Amino acid sequence: MQERNHDDGIFQASADTKTNGSTDLSEKDGVKMSTPHSQQGSVDNGVGQITELEAQKAALGDAHFHRLGWKRLTVILIVEAIALGSLSVPSAFATLGMVAGVILTVGLGLVAIYTSYIVGQTKLLYPEISHYADAGKLMMGRWGYEIIGAMFTLQLTFLVGSHTLTGTIAFLNITGGGVCSIVFGVVSAIILLALAVPPSFAEVAILGYIDFVSIIAAILITIVATGVAGAHAEGGLAQAAWSAWPKENVTFSEAFVAVTNIVFAYSFAVCQFSFMDEMHTPKDYVKSIWALGLIEIFIYTVTGALIYAFVGVDVKSPALLSGGDLMSKVAFGVALPVIFISGSINTTVVARYIHARMYKNSIKRFINTRGGWISWLVLITVITFIAWIIAEAIPFFSDLLAICSALFISGFTFYFPAMMWFMLIKKGSWRSRENIWNSIANGLVFIIGMITLVAGTYAAIVDIIKQYEDGSVRGAFTCGAI
């Protein structure tokens, strides 16, 4: 028998199909369901009567969303995390220099692993948490639930917008820019919508293997292409214009946009509650975050350092644009699965959160009835449309990632996990011997989050204004090149 707990009156069901054909459903928050088939034909669920068939649908739906093991979780996290982040890191190295780039990539990666561990510990202590907003309610009451829920929704919608923009860039590059960019934006949005239709993460995990091969192949193609081009350039690789130190005359806004692009690469904690909620053995999450974290650190550091070393300060963002005209087309073609599969997972996560709130005491939340499917399809369509609007309104890759990092990832990856440790996990005084080192660590993580929030938002706004003044980006909702 499996049991799910959901805060705020969310429907709970657990089922045990016995040899006599009866189905027993548990009770929580006034939602009461007990349906021996031989005794009754309908059930009072706290909001009305449901039939035996609906009770079985609820039981099957609950079981359907509890099939995720730690290996599949690792795949899902890789799919969700190692996508746009890897494409933005080389340009961050070009701004910050090799030394700062490597230090920040490794250092922020280790911090992200630690904060992801804190998120997981919170989930184990409070299994009723299904999404980040539930943790907000435990820390700050109803206001925390609503504020963090809004941030959670906006962050994931912005991420889908980022993938829509990247898909547009990919199609423009592959076709040579002969079609209006808005058309490719619409095509990207439609693909993202289609891939978001399956509501279960266990189902999406199957696509994750394609996704992982896609991004690794695209990165390798770009590394080899830039390396070969650099070797054949005058003076060879020894003359590549890279530096151990930040580029000359770098401004604060440019430097911090680069920092926030690295922060963006470690944004996997935002979806962790949602993913763990589908695990059949949640305590195994530690294996997943260590596997993901170390893989990310390795891929980002190698990708950033090598492409920057081969190309120099002229490295582009996304990095696949740096491989030369032909090889960029090849790399983007290979990267199409990761662009769309990773983006669609973000649609699924935010839609699952909203759908559960809409139907917290209804079997529609399990998305295995006609009404549930209709509401699900309408919801993911609305989310995808809003994401397309964002992609067209902010048509510049690095700054869109910077805005996401500063406004949202700063909280989900840094200061919210630190708050969870102090408010939900810590036992006793923060100055006690068993708590002092964790207190110091989480205090520093909280400061990192606040600096990212304030300085990152300022830097992104300044950089966007500068690019519009320079005319280096196309206007919003136009057919120009990106």
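This is a predicted model: local features need pLDDT of at least 70, side-chain atom pairs count only at pLDDT 80 or more; totals for chains, interfaces and linings use all residues.
## Handedness first

## α6 against α12

Helix α6 covers residues 181–195, and its axis comes within 10 Å of the axis of α12, crossing at roughly 150 degrees. Angles over 145 degrees count as roughly antiparallel, so α6 is roughly antiparallel to α12.

Is I383 buried or exposed? Its relative accessibility is 5%, and buried means under 20%, so I383 counts as buried. The C-alpha atom of I383 sits 8.8 Å from that of L193, even though 190 residues separate the two along the chain.

## The kinked helix α5

Now for α5, which takes in residues 132–175. A straight helix of 44 residues would span 64 Å, but the end C-alpha atoms of α5 are only 40 Å apart. Where is the kink in α5 centred? Look at M140: the kink there is about 150 degrees.

Much of α5 is tucked away, with 31 of its 44 residues buried.

## α5 against α13

α5 also packs on helix α13, which is made of residues 397–425. Their axes lie 10 Å apart, at an angle of about 155 degrees. That angle is why α5 counts as roughly antiparallel to α13. As for handedness, the crossing of α5 and α13 is left-handed.

What sort of residues make the contact of α5 with α13? There are 29 nonpolar and five polar ones, and no charged residues.

Out in the loop between α7 (201–232) and α8 (252–264) you'll find N249. Most residues other than glycine have a negative phi. N249 isn't a glycine, yet its phi is positive, about 60 degrees.

Is N249 buried or exposed? Exposed means over 50% relative accessible area, and N249 has 72% relative accessibility, so it counts as exposed.

Key
Residues are numbered from 1 along each chain as its sequence is written. Side-chain values use heavy atoms; hydrogens and water are left out. Helices (H or I, at least four residues) and strands (E, at least two) are DSSP runs, numbered from the N terminus. The expected span of a helix is 1.5 Å times one less than its number of residues. The bend at a residue is the angle between axes fitted to the seven residues ending there and the seven starting there. Buried means under 20% relative accessible area, exposed over 50%, partly exposed in between (1.4 Å probe, protein chains only). Axes are lines fitted to C-alpha atoms, for helices over the stretch in contact, and angles run from 0 to 180 degrees between N-to-C directions. Angles under 35 degrees count as roughly parallel, over 145 as roughly antiparallel, 65 to 115 as roughly perpendicular and the rest as oblique. A crossing is left-handed if the near helix is turned anticlockwise from the far one by less than a right angle, and right-handed if clockwise. Ala, Val, Leu, Ile, Met, Phe, Trp, Tyr, Cys and Pro count as nonpolar, Asp, Glu, Lys and Arg as charged, and the others, Gly among them, as polar.
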